[in-house]
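Trainee: I've got a model open and I'd like to go through how its features get their labels. Can we take them one by one?

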Amino acid sequence: MARDFIEVQGRVVNVEMRYTLGGDAVTSVVLKLGDHRVEVSAWSDLAERVNERLRVGDVVRVRGVLSGVACFERGNGERGHAVKIRAWEVNRVKEELERI
């Protein structure tokens, strides 16, 4: 049976790692896709690799499942919405994809 997923490519504007009370690593990555924003979460080993290797300005391709929609306020006071993705694969885009 095919697994449903979403794949996006965008520029990293923020990377932040934290730990849950249970000790699991979670890295949150915000991507900019034109005028749109995507919030990506990576967990456990992937979270640690993403936090170590991604930097603001990198272009990445993310594959995962939709996990919701977030609301945020833009710098000019307007409200915006962001798609949220729980990643199972993150690759940096150079001339070829570099698996993280």
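Mentor: Start with Arg 61: its bridge partner in strand 5 is Asn 91. Mind that this is a predicted model, where local features need pLDDT of at least 70, side-chain atom pairs count only at pLDDT 80 or more, and totals for chains, interfaces and linings use all residues. Residues are numbered from 1 along each chain as its sequence is written, and side-chain values use heavy atoms, with hydrogens and water left out.

Trainee: What makes strand 4 and strand 5 a pair?

Mentor: Two strands pair if DSSP finds at least two bridges between them. Strand 4 (residues 59–73) and strand 5 have 13 bridges, in the antiparallel sense, so they qualify under that rule. The two form a hairpin with five residues between them, and Gly 77 in the turn has a positive phi of about 95 degrees. Strands here are DSSP runs of E with at least two residues, helices are runs of H or I with at least four, and both are numbered from the N terminus.

Trainee: In which sense do strand 3 and strand 5 pair?

Mentor: Parallel, over five bridges. Val 40, for instance, has Ile 85 in strand 5 as its bridge partner.

Trainee: Why is the pair of Phe 5 and Trp 88 called edge-to-face?

Mentor: Rings of Phe, Tyr and Trp (its six-membered ring) pair if their centres lie within 6.5 Å; planes under 30 degrees apart count as stacked, over 60 as edge-to-face and the rest as tilted. The centres of Phe 5 and Trp 88 are 6.1 Å apart and the planes stand at 70 degrees, so edge-to-face it is. Phe 5 sits in the segment before strand 1 and Trp 88 in strand 5, so the pair ties together parts that are 83 residues apart in sequence.

Trainee: Are those two residues buried, exposed or partly exposed?

Mentor: Buried means under 20% relative accessible area, exposed over 50%, partly exposed in between (1.4 Å probe, protein chains only). Phe 5 has 44% relative accessibility, so it counts as partly exposed. Trp 88, at 29%, therefore counts as partly exposed too.

Trainee: How do you know that the buried residues of helix 1 line one face?

Mentor: In helix 1 (residues 44–53), the buried ones are Leu 46, Ala 47 and Val 50. Seen down the helix axis, they fall within an arc of 105 degrees (taken from the directions from the axis to the C-beta atoms), so they line one face. The face turned away from that buried side carries the exposed Asp 45 and Glu 52.
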